[in-house]
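Reader: I have a new structure to look at. Could you take me through it?

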Number of protein chains: 2
Amino acid sequence: MVEYTVRVHKKGKVTEKKVESGTNLLSFFRKNSIDVSAPCGGRGTCGKCKVRVNGLVKEPSNKEKSLLGNKSLDKGYRLACYNKIASDIDVYLDKSEDKANILTEVSEREIQFEPLIAKRFESLDVPGAEDQRSDVERLAQLFKKPKAINSLNVLRALPENLREDNFKVTLVCMEKKVIGIEAGDTTGSIYGIAIDIGTTTIAAYLYDMVTGKKVDVYSVLNPQKKYGADVISRIAYTSDNQGGLDEMNNEIIQGINDIIKHFETNNGISKGSIYSVVFVGNTTMLHFLMKVPAQNIAVSPFIPVTTSLHKFKADELGIEISPYGYALILPSVSAYVGADTVAAVMSCGMYRDDRITLLIDIGTNGEIVLGNSKWMYACSTAAGPAFEGANIRNGVGGVIGAIDSVRFSPDFGYSTIGKENAIGICGSGIVDAIAGMISEGIIDETGRIAGREESEVYRSEEMRNRLIDLDGKNSFLIEKSEQCNADTDIAITQKDVRELQNAKAAIAAGIAVLIKQAGIDIEDIENVYLAGGFGSYINIESALKIGLIPDGLRGKIKSVGNAAGAGAIEALLSSKALEKAEEIRNSIKYIELSALDEFNELYIECMQFD
Amino acid sequence: MVEYTVRVHKKGKVTEKKVESGTNLLSFFRKNSIDVSAPCGGRGTCGKCKVRVNGLVKEPSNKEKSLLGNKSLDKGYRLACYNKIASDIDVYLDKSEDKANILTEVSEREIQFEPLIAKRFESLDVPGAEDQRSDVERLAQLFKKPKAINSLNVLRALPENLREDNFKVTLVCMEKKVIGIEAGDTTGSIYGIAIDIGTTTIAAYLYDMVTGKKVDVYSVLNPQKKYGADVISRIAYTSDNQGGLDEMNNEIIQGINDIIKHFETNNGISKGSIYSVVFVGNTTMLHFLMKVPAQNIAVSPFIPVTTSLHKFKADELGIEISPYGYALILPSVSAYVGADTVAAVMSCGMYRDDRITLLIDIGTNGEIVLGNSKWMYACSTAAGPAFEGANIRNGVGGVIGAIDSVRFSPDFGYSTIGKENAIGICGSGIVDAIAGMISEGIIDETGRIAGREESEVYRSEEMRNRLIDLDGKNSFLIEKSEQCNADTDIAITQKDVRELQNAKAAIAAGIAVLIKQAGIDIEDIENVYLAGGFGSYINIESALKIGLIPDGLRGKIKSVGNAAGAGAIEALLSSKALEKAEEIRNSIKYIELSALDEFNELYIECMQFD
C-alpha cells in the first residue's frame, strides 16, 4: 500500500497525516473531521469544497475550472471532491483574520466583519466624593450621544458588575446602546447564531463573533412537522385549535433552544456567551417564531401581519441565550416570499449586479426572483411537494437509499444516496428519470407514458421490458423489487408524471411571468442561480430537458447552495447587511400570480414537454 | 335662621343650594362634595382653595390677598377657607376645556394638554388582491416617518383587531410609534395615573386623558414601612437578606396595583383603559420600583445606579394596566435629591423664573433647591424624623388627635386634628411649642429648658406650673394626662428640644451652604416655597422663630402643597414636561454636604436659638 503525507496548515500550525494513495481529498477531510463545506454531498455540482492546495499532480479538469473561476484558480484553490491524493500535498485552511468568507457565490466574496452586537472593555473612573455620577452616567460618558440605558436587565446587574473588578467592565453594545454589562474583560467570549427556519428543516450556524469565524453547523427537522408538512396545514391547525398557535410557537422555540444546547455541549461554550441570533425563514415560520397569528397568510388576499425587520430581546421570545441577547428577524417581501428569499438575494449578490440574474429556490413553494441592481421582481408559485418526493408513488426525501440519479445511456442505471439498496426515489432522481423517459420517447409531449405495444418499433428490448402496467396504468420500472411483488417495485407511474408536470409548469410559468413583467427577453438573463438543497442536487441537464428551466438559459445555471442561510450569516456578521436586507426587501416588486389570468395560460402551456 | 342661595356654575349648568348664613365657604364645598383642593386642611396657609366667586360682602383680608396674588384677585378668585357666606353668591367651577390647571404655584398656571401617550381613530384601506401590504405596513402609511412596530403585544393583537370592525381601529401612540391597537373607536376611554412614591406614603392621581381632568385621588401608606421607616433601614434590609430586594419590589408593585384596583372600582373604569403611569419619588424608592439594587446609595460616596428618565412597558415592571401601557420614571439629581424634587422644581416654576427662589421640602431628609432660570443648586440634609413626630417623647404623625398647633398668647392653648382629645403632638405642634417656649424665655439660646426655680421673676404663674421634671430633666407640660400619671402627660422634654435643634440646624445649615455656594445674599431671595405635607401645615412664624428658616426670609414664604405630585401630573399631561424634567435635572448642581467642612461649622452654628 502506497501512502502519502498531507500537511494541514491551520492557524499557523501544521499537522501531518498519512493517507492511502488514491484517497479522495474530500473523503480525507471528512475522515479527519476537517470542516469543509460540501452542500452537494461531494457530487461535484456545488463548487463549495474549495480549498487551497499545493502539490496535486493532476491539473484541474474543465468542470473543476468552471466551478472555481479564474480568481480562485489563480490563488491556488481546488475542489476537494474532484481530486485524489496521489502525492504528498499541503492543504491551507487559514482564512484571513478579520474577514469572514461566505461561499455562496461563484466567485468568493468578503464581508466586512462589523457585527450589530459587539463587546468593548472599559476601565471606568472609580467614583468618589468629587465624582458622584450614577452608574448609568458613568457609562454614558463613553458615548458621544449616549442613549438611555432602558434595559431592566442591565440596570439590575450594573452596580455589582461595575464593582466586582473595580470598575473594569465589558459592555455589550448594540447601535451605540449598552445592552449588557459584565465584570472584568470578557471580550474574548462572544458568539452569534444564524438560523434558517425552513418548513422541513431548521439549519443553524454558530459563529465566533470575536474572529467572525464559523464554529459549528447543526440542523434538525422542524419539530412542527407533526402538524403538517406544509405551511397551509400548520396555519389551519392554529386556526382550528384553541391554543394551536401557542403549540406551534412552543415547538419552534423548543427546537431552537435544543440547537443552542447542542452548540453548548458540542463546543464547550456557554449559552450565556451567545448575544445574537439572526433569523431567516418563510413568512409563516417567522410568524410562528414570534407567536403572531398567521391565519390571513392562508386565505386570499394573503396578508401577513408583518414583513418588517424586527429586533426583540431574545428572552421576550423565550430564546435561551444571554439575558442581554437579541433576536433579529430579517424582513420578508410578502406572504409567500419570505426573509429566506431576501437573504438569498443578498448572499447571491444579484441586487448589486448590473447583469440580470434569475434566482430560483425550489421547495414546496418555488420562490423566483428576477432582476439586477436596478430592479427586481419576485413571485412564489405553488410547485407542490413533488420535488421533495411527496405525492410520488415511490417518492422519498433525500435519505440513505434514495435513488438520487438515473441514467439511460450508455446503459440504464441509477445511484442511491449512501450507495445502499434503493428504497425509493427522491426529487433529483425523479427529474432524471422523467428527463430520460422523454429522451427515449417513452413519454410524449403531453406527458403520456407509452404502452409496451406502442413502442415496438423505436424502443430497445430493455426499455420495452421496463414499460409495465400498474393498476391498469402505463408505468416505467426503475428497479424490480427483491420480493418480485409489483407493489414494492420502484417505478414512475402516469400519476407521478402528472405531479411532476404540475410542479415544473408552476416554476416554468412563474419564470415566464417574471420575464414578461420585466419586459426583457430570455437572452437578457446572464446568470441563473439555483438555491436550496434541491437546487444543489438536481442534474441541470435533466432540469432543462423536462422544461423546469427554459432551454434558453442553458450554460448559465449554477447552484448556490443554502443561499438563505448564507444571507442570515451575512446579517449576523455585518450590521450593514441588516440595512441592505431592508433595502433589498423594499426594492423587490412582488407579483401575485393568482391575480394574473396570464399565469394560468402560461401554466397550461408549460405543462407540455417539448 | 337666615338662609342664602349659592348658585354653583359648572360646565354650563347652574345648581342652586340653600345654605345657613355664616357657613364657611370651604365647609359648604365639602358638605356638597364639590371638589376644591385644600391641602392645608382649611388652615388658611396653603392658598389652594381658590375659587371664582361673585357677591361676597367682605373684601379680601391682607392675608388672603397675599396668598392669592394680584392676578387671581383681578380675575375674581377668593380663598374658600377665608370666607363665610353672608349673602347670595355665585361660584364658578368651570375650567377651560383643553387645559389642565395645576394649583401648586401661587398664581395659577396652565399646562398645555399634550400627553406622551394618546389615541387616534383610523379607518384604514381594506386589503385586496391589488393591495397586499402587511398589517404593519398598512398602519405605517399613517406616519410620515414610520418607526417599526416592535411590540410583540401589538403584533399578536394586530390581525384580529384590524378585522373585527373592518379595518376601523384605534391606535395607541407614543412618540409617533404605535404601541397599542384596539378594534373600532375607543378614543373616548384613556386614563393615566401620576404617582408620588414617598418613603411613608404613596399618593396617586387618576386623570382622564381625553379631557385632561382629574378623576380621583388616592393615597396609601407605603407597604414597605414594615421594613423600616427610612430609606437607609430599607436598603439595609435588601443588603442583609437574600431576596430582600425582590420583597421590597413586590411590596411597592403590590401597593401600586392595589391603588389601580381602587381606581377601577371607585370610578367604574377598567385598568385596561389606563395606558400610562408617571412616577416620581426619592431615588431609593425609584430603585426599588425598578428592582434595581440600591446598596450604594446608603454608603459613601452615595452612588445610585441610575438617575435617568426611564420608559418601560408597564408589564415589564409588573404594573397591571393596559398590556400596551408604559411606566415613565422621572429623572433624579443624585442619591438623595430624587425625581420628587425635580418634579417640585418643575411644578413650582422656579426653573423658569428670573427671580431667585428657595424651595424646601422637609421630610426625614430635607431637600433644598436654590436658584432661578439661570442656575440652581441643590442639597439634601439629614434632618431626621423629628418633624414627622418620630424620636419625640409624645410625637405622632399627622393623625386624628395630634396636637397640630400650640399658642402661648393671649392664653396658652392648642388645637388637635379632628378636634379630638389630644393623643400626642405632631411636627407643626412641636415647632409651635418650641417657638413659644423660646418667646417666653423658657428655652435659652443654647436650647436648655429652664428649671422652675430659675424662672420665678419673669414667668407667669401658669407658665411656671408647666415647667415640670420628667426623669430628672426639665420639661414643659402641654397637657396633663387624664389619668394624673406623669408617664402619659404630653410634654416637650429636653431631649425633644435637642432632636428639634438637630433637625432645624440641618435644614438651616443646608440653606446657608446653598446661599454661600451661589454667592448671593439672603436678601436676593425673592420667594421661599415650602413643599410637602409638613410645609403646608407648619406655622411660618414659628418656623422663623426656631430658626428653621432664616429670619431674613420673613414675608417671602409660601407653602406649595404636594409640589412633587403636581410635577408628576404635569409630566403625565404634557410630554413637553418630560423633556423639561430632564433639562431641570441637568441644570441642577448638586452639593454634597458631607464633603464640606463648612457645612459642619454652619450646622453647629445653626443649633443655637437666637
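Author: Start with one term. Two residues are in contact if their C-beta atoms, placed from the backbone, lie within 7 Å. Keep in mind that this is a predicted model.

Reader: How many residues of chain B are in contact with chain A?

Author: Apply that cut-off of 7 Å between C-beta atoms. On the chain A side, 37 residues take part. On the chain B side, the number is 37.

Reader: Which element of chain B gives the most to the side that touches chain A?

Author: Four elements of chain B each supply at least two residues to that side: α3 (135-140), α4 (152-164), α8 (295-298) and β15 (310-313). The top contribution is six residues, and it comes from α4(B).

Reader: How many residues on that side of chain B are nonpolar?

Author: Sort the side of chain B that touches chain A by residue type. Seven of its residues are charged and 11 are polar. The nonpolar ones number 19.

Reader: Now chain A. How far apart are the centres of domain 2 and domain 4?

Author: The domain assignment places domain 2 of chain A at 117-183 and domain 4 at 351-450 + 477-610. Take the centres over C-alpha atoms. Their separation is 53 Å.

Reader: Why is chain A called as compact as a globular protein of its length?

Author: Chain A holds 18 helices and 28 strands. For 610 residues, the globule rule gives 25 Å. Chain A is as compact as a globular protein of that length, because its radius of gyration is close to that value, at 27 Å.

Reader: What percentage of chain A counts as buried?

Author: A residue is buried if 20 or more other C-beta atoms lie within 10 Å of its own. Among the 610 residues of chain A, the buried share is 48%.

Technical notes. Residues are numbered from 1 along each chain as its sequence is written. Chains are lettered from A and ligands numbered from 1 in the order in which they are written. This is a predicted model: local features need pLDDT of at least 70, side-chain atom pairs count only at pLDDT 80 or more; totals for chains, interfaces and linings use all residues. Ala, Val, Leu, Ile, Met, Phe, Trp, Tyr, Cys and Pro count as nonpolar, Asp, Glu, Lys and Arg as charged, and the others, Gly among them, as polar. Domain bounds come from an automatic or database domain assignment. The radius of gyration is taken over C-alpha atoms; the globule rule is 2.2 Å times the number of residues to the power 0.38. A residue is buried if 20 or more other C-beta atoms lie within 10 Å of its own, exposed if 12 or fewer, and partly exposed in between; C-beta atoms are placed from the backbone.
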